[in-house]
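I opened my notebook for a look at one chain. I wanted to see where some residues sit and which side chains pair up.

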Amino acid sequence: MKGNLRIAVWSLIATGWCSVPPCAFAATAEEATSSYRTVLALIDELVQAGLISRERADVLISRARAGAPGEAASPPASPDLLAAPAPVAVAPTDAASVPRAAEAARPASRLPAVPADLKIDWTRGAPSFSTRDGRFTFKPRGRILADFYTTGGSRFDERNLTTSSLRQFRFGALGSAGDHLFYQFEVDFRRNQTEVNNTFIGFRTRHGQVEADLRAGSLLTDRGIDVATAAQANPFIMLNVNSLALAPQNGIFLMGVAARASGPNWHASIAVHGDRVDGDYTRSDDRILMARAHWNPLVGKGMTLHVGGWAYDEAMPGRDAAQTVNVLMNGALSSNVRISASPLTGLDGARAFGAELGAFSGPFFLYGEYGQRHFRKGPMATFGRARIKALSVSGGWWITGETAPYQPRSGTFMVPKVNHPLLGDGGMGGLELVGRYERADLGDLPMGGAGRTLTLGLNWYMTDYFRLMANYAWWRTRNRIGFDAGQDSGNTLAMRAEVSF
């Protein structure tokens, strides 16, 4: 089969493009175009079968496109080729004179106007365009998250709510130009508002196994396993409490410049951030200096261990007004389930740190994160010591046997590879069982509360990019101020339908 494949390609190149004048197997421009496309398809088959290298394939494509004489008309000898019958009869003539005669006889209009180096890949649910050498790429990307929440069991009616929302409707694209330049832009349409997130340009390079890049724009802050993992790869509907309670004042996506380097089992990043994308130019941006690093002391098919940490220093110039501090314990669509503290007046900045520890083995994963955020007093401060503490422990099991999609180069989760997708081979898709325990403590803030949540979830991945999610959470809060002061507990069912590409 492989020998016949090689013979077919060489015969098409030799006879359809470089031999009998005036291209006997492509008598019209339409036939020439068809033959040319066939050559490209067969050359791709040779590369995928491991019979020729990509470099050799590029040479063949170039010769076929230009109708050049030489190697393209003379396939190399091999046992397969010598034993196979010749598929095309060529008139006996001098081997060198045939290509020259064909080249002279072929009119310029016979050359097909087809982009020879264009590849289109649909494996991720949307077309990805690239040149065959991979130096220029463009890929549309999007995400739809449709959420439903229902909460009960609370002694406060304001918490016993049933809500739904289009949590995210995001559209954008990413691409590269040449060996070093890359870009990405994304726009969110949610809460009847438009938000620009994750939009940047960058420069990257590689030295051996070390990859490095520099990017500038609106960036996802690199601050722990959960928050640095893209939403479509997170095994839970909501980020863990560490990601929310310990975030800088302006959130998760911030303007800035970030540098990053990574190897097969480590990564390190450092960034300078300001505010999120907004239209407020009446005061200076906050200034955040942030760093994160992780290391995998053990990487292998049997087990991968993760050790990491992060820290940031945040300056808040001109923030004399009181700043509200509260932490969601049950997701954005159940925002009344929160813990609160009295507003902080005279805030000058904050410092925060976190530690990460995880283990990933085949279809199983377990990781934990702990961190603190310390608020810094300004000259007009009316509070003493102020600190937030947060802990979360998450785990999961791929019931259908997929490998936990941990990425050692970034220390985050990636989109999983479903073994038997519902679309394609007619499988049942992938099933993932997950669980998480988390707690947050605002006790070191004026009138601060505390809370904890236990979540169990089941995810059904129909394909790599289409999943249904269900999370059931038991929560408990203790607040000292607000409508929900005192002890309270309840439960929440959250469901999501998601497609991302």
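**Entry 1: one leucine**

I began with L220, which is partly exposed at a relative accessible area of 26%. I noted the cut-offs: buried is under 20% relative accessible area, exposed is over 50%, and partly exposed is in between (1.4 Å probe, protein chains only). This is a predicted model, where local features need pLDDT of at least 70, side-chain atom pairs count only at pLDDT 80 or more, and totals for chains, interfaces and linings use all residues. Residues are numbered from 1 along each chain as its sequence is written, and side-chain values use heavy atoms, with hydrogens and water left out.

I then looked up the place of L220, and found this residue in strand 7 (residues 210–220). Strands (E, at least two residues) are DSSP runs, numbered from the N terminus.

Which residues does L220 touch, leaving aside its neighbours within four places in sequence? I listed N198, V227, A228, I252 and F253. Contact here means heavy atoms within 4.5 Å. I also checked G251, which is 31 residues from L220 in sequence. In space, the two are 9.6 Å apart, C-alpha to C-alpha.

**Entry 2: charged pairs**

Next I turned to charge. Side chains of opposite charge can pair when their charged atoms come close. I used the salt bridge, defined as a side-chain nitrogen of Lys or Arg within 4 Å of a carboxyl oxygen of Asp or Glu. How many salt bridges does the structure hold? I found 25.

I picked out E186 and R170, whose side chains meet in a salt bridge at 2.9 Å, N to O. E186 lies in strand 5 (residues 181–190) and R170 in strand 4 (residues 162–177), so this pair ties together parts that are 16 residues apart in sequence. Are these two buried or exposed? E186 is buried, with a relative accessible area of 1%. R170 is buried too, at 4%.

I moved on to E211 and R206, which form a salt bridge of 2.4 Å, N to O. E211 is partly exposed at 30%, and R206 is partly exposed at 48%.

**Entry 3: a network**

My last pair was R376 and D313, with a salt bridge of 3.3 Å, N to O. The pair links distant parts of the chain: R376 sits in strand 15 (residues 364–377) and D313 in strand 11 (residues 304–315), 63 residues apart. I noted R376 as partly exposed, at 23% relative accessibility. Salt bridges that share partners join R287, D313, D348, R351 and R376 into one network.

Notes:
Helix = DSSP H or I, 4+ residues; strand = E, 2+ residues; numbered from the N terminus.
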